[in-house]
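This short report looks at how two parts of one protein meet. Please have the model open while reading.

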Amino acid sequence: MKPLSITDIASAIGAELVGTDTGRLIRAVSTDTRSLGEGSLFVALRGDNFDGHHFVSKAVENGAECLLLDALPEEVEDLKVPVLLVKNSLYGLQRLAKWYRDLLDINVIGITGSNGKTSTKDFTSSVLRQKFQVNATKGNLNNHIGLPLSVLATKETDQVCVWEMGMNHAGEIAPLCDIASPDIGIITNVGTAHIEHLGSREGIAEEKASLARALPENGTLIVTASCDFVDYLIERTTAKVVVTGNCRGSVRAENLQINESGSSFDLCIEGEVPARVELNVSGRHMVNNSLLAAAAGFTLGMTVEEIAAGLNATQLTTGRLRRFVSNGITVIDDTYNANPDSVAAAIETLTDLPVHNGNRRIVVLGMMAELGVHADAEHLRVGQLAAEKDLQVVAVGAKAAKIYEGASAVTDKAVSFDEPVAAAEWLKSFCKEGDRVLFKGSRMAAMENVMNEAFPQT
Ligand SMILES: CC(=O)N[C@H]1[C@@H](OP(=O)(O)OP(=O)(O)OC[C@H]2O[C@@H](n3ccc(=O)[nH]c3=O)[C@H](O)[C@@H]2O)O[C@H](CO)[C@@H](O)[C@@H]1O[C@H](C)C(=O)N[C@@H](C)C(=O)N[C@H](CCC(=O)N[C@@H](CCC[C@@H](N)C(=O)O)C(=O)O)C(=O)O
Ligand SMILES: Nc1ncnc2c1ncn2[C@@H]1O[C@H](COP(=O)(O)OP(=O)(O)OP(=O)(O)O)[C@@H](O)[C@H]1O
Ligand SMILES: C[C@@H](N)C(=O)N[C@H](C)C(=O)O
């Protein structure tokens, strides 16, 4: 980050400065002593497992220059680093990030949506890196702690920031927008993820619309035509709007071809000469995500050729449709998470992949979390959908039983296992060279364990 003086930080966030040697400069902010670097400000947070205030000595030992705390430790005299004392250290971190953002004369792209935030961030940052210095969210550090840390990781030399904004409850996106002040907003879609807490898709749309509302009049909202809430989102912004997608978008994919190694299409942007794009990932939903990224690049003045080069170079974060081959069997690792929309997208992706000589398409599904009262119906529905596409369905875990029930109402090509090890054993004996197997489930289903057991990667 841009070096900041401790006294400036104190006045910006309304902290009491305790201790001497306050002329030091802060070059990074960390909430974790296990990954803290020299010259950092350590922010002590209280979490589910620990209280960061118990690690202040460790923080200093690991090179912290200053501590942001909401309670003074007994050993404060011995620590020999200044303390920024606030009422609430999490709020202090958020205020610091907001102040730092306002110091930066920089373009900020905020990305939210029920599905595809991280993948769209990956596409967008790869596109923008063709022309700019970019700070992008690491992994998916996108919540009330992760977003401030992403903001504070911006270097003086960065020209564009691409930050994800995640939520699972109403009212979470607006404060993230307040910190990040995005001038370009991407809303990937409005789906069903986290519907347990949001109540309805309308509730989810309303929450995502907070990003549309937060954009300035000279900003840009980028949305996808295939989202059924697209007009709802557009009505809630005063910014310029760019719609992407095949039916009505000004940024479109034409002549789309999906094959085992990826997706290729002509990137068509209104008024420009098209360029061919070769994504190294299959999946129509990933093409949609890439169009959102293309629109962001175009908004920031990039040429279609530059955008195409950036899309072609994109490496997605692991667990998002990652493909590998094990003993001649193509394995697709989509294990990062799952909800009804992303499972439907995965089923479509697997169905689109060609198989030859009687080979099979096999979908291995774990449970989908945070669906509340919709859980049974949605598990039944994805099981039925997979069966209707003639996939071999493997449901794993007791909470995935309804997937099996939905599938077996349509097909006899469905099996169910309570234990991951039993599922892995079955897959080892069932799968043959040339088959294609896709793994997916919610984070808590940890379907990577079944995948790694059945198809070890050397
Ligand atoms: C607070 C924190 O960052 N915790 C991380 C930490 O957890 P840990 O198990 O160590 O315990 P505590 O949280 O209790 O620790 C308290 C503090 O103590 C520090 N500490 C601990 C031990 C030690 O030896 N030294 C220490 O300094 C510790 O660092 C804490 O500051 O580590 C875990 C393992 O790495 C992390 O998983 C844990 O991270 C939490 C979950 C977190 O919120 N991290 C953010 C930086 C983040 O952005 N994480 C994202 C998750 C994003 C996400 O789930 N997004 C959702 C929407 C979110 C909505 C929001 N309402 C929400 O609930 O968060 C989406 O759908 O997109 C990520 O990890 O990918
Ligand atoms: N546009 C999309 N529509 C449906 N599913 C998608 C879409 N984009 C990505 N996915 C799928 O959703 C899963 C998560 O992808 P990704 O991490 O990009 O989304 P995310 O919104 O960042 O997730 P999270 O909110 O959990 O961080 C992957 O399985 C991916 O294949
Ligand atoms: C991983 C977390 N951000 C998430 O998406 N959770 C859902 C409910 C999941 O694990 O599938």
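Two salt bridges cross the interface of domain 2 and domain 3. The structure is a predicted model. One salt bridge in it joins the side chains of Asp-352 and Arg-284, with 2.9 Å from N to O. Polar contacts also span the interface of domain 2 and domain 3: the rule finds 11 residue pairs, both members at pLDDT 80 or more.

Which elements give two or more residues to the side of domain 2 that touches domain 3? They are helix 8 (195-198), strand 14 (251-259) and helix 11 (284-299). Helix 8 supplies the largest share of that side, three residues. Sorted by class, this side of domain 2 has three nonpolar, 16 polar and three charged residues.

| Domain | Residues |
|---|---|
| Domain 1 | 4-89 |
| Domain 2 | 104-312 |
| Domain 3 | 322-454 |

The centres of domain 2 and domain 3, taken over C-alpha atoms, lie 28 Å apart. Domain 2 brings 22 residues to the contact, and domain 3 brings 18 residues.

How much area do domain 2 and domain 3 bury between them? The value is about 1,600 Å². Carbon and sulfur atoms account for 46% of that buried area. Interface size is often quoted this way, as the accessible area lost when the parts come together.

In short, the interface of domain 2 and domain 3 has two salt bridges and 11 residue pairs in polar contact. On its domain 2 side, 16 residues are polar.

Technical notes
Residues are numbered from 1 along each chain as its sequence is written. Chains are lettered from A and ligands numbered from 1 in the order in which they are written. This is a predicted model: local features need pLDDT of at least 70, side-chain atom pairs count only at pLDDT 80 or more; totals for chains, interfaces and linings use all residues. Side-chain values use heavy atoms; hydrogens and water are left out. Domain bounds come from an automatic or database domain assignment. Contact means heavy atoms within 4.5 Å. Buried area is the accessible area (1.4 Å probe) that two parts lose on being put together, summed over both. A salt bridge is a side-chain nitrogen of Lys or Arg within 4 Å of a carboxyl oxygen of Asp or Glu. A polar contact is a pair of N or O atoms within 3.5 Å; within protein, one must be able to donate a hydrogen and the other to accept it, and residues adjacent in sequence count only if both atoms are side-chain atoms. Helices (H or I, at least four residues) and strands (E, at least two) are DSSP runs, numbered from the N terminus. Ala, Val, Leu, Ile, Met, Phe, Trp, Tyr, Cys and Pro count as nonpolar, Asp, Glu, Lys and Arg as charged, and the others, Gly among them, as polar.
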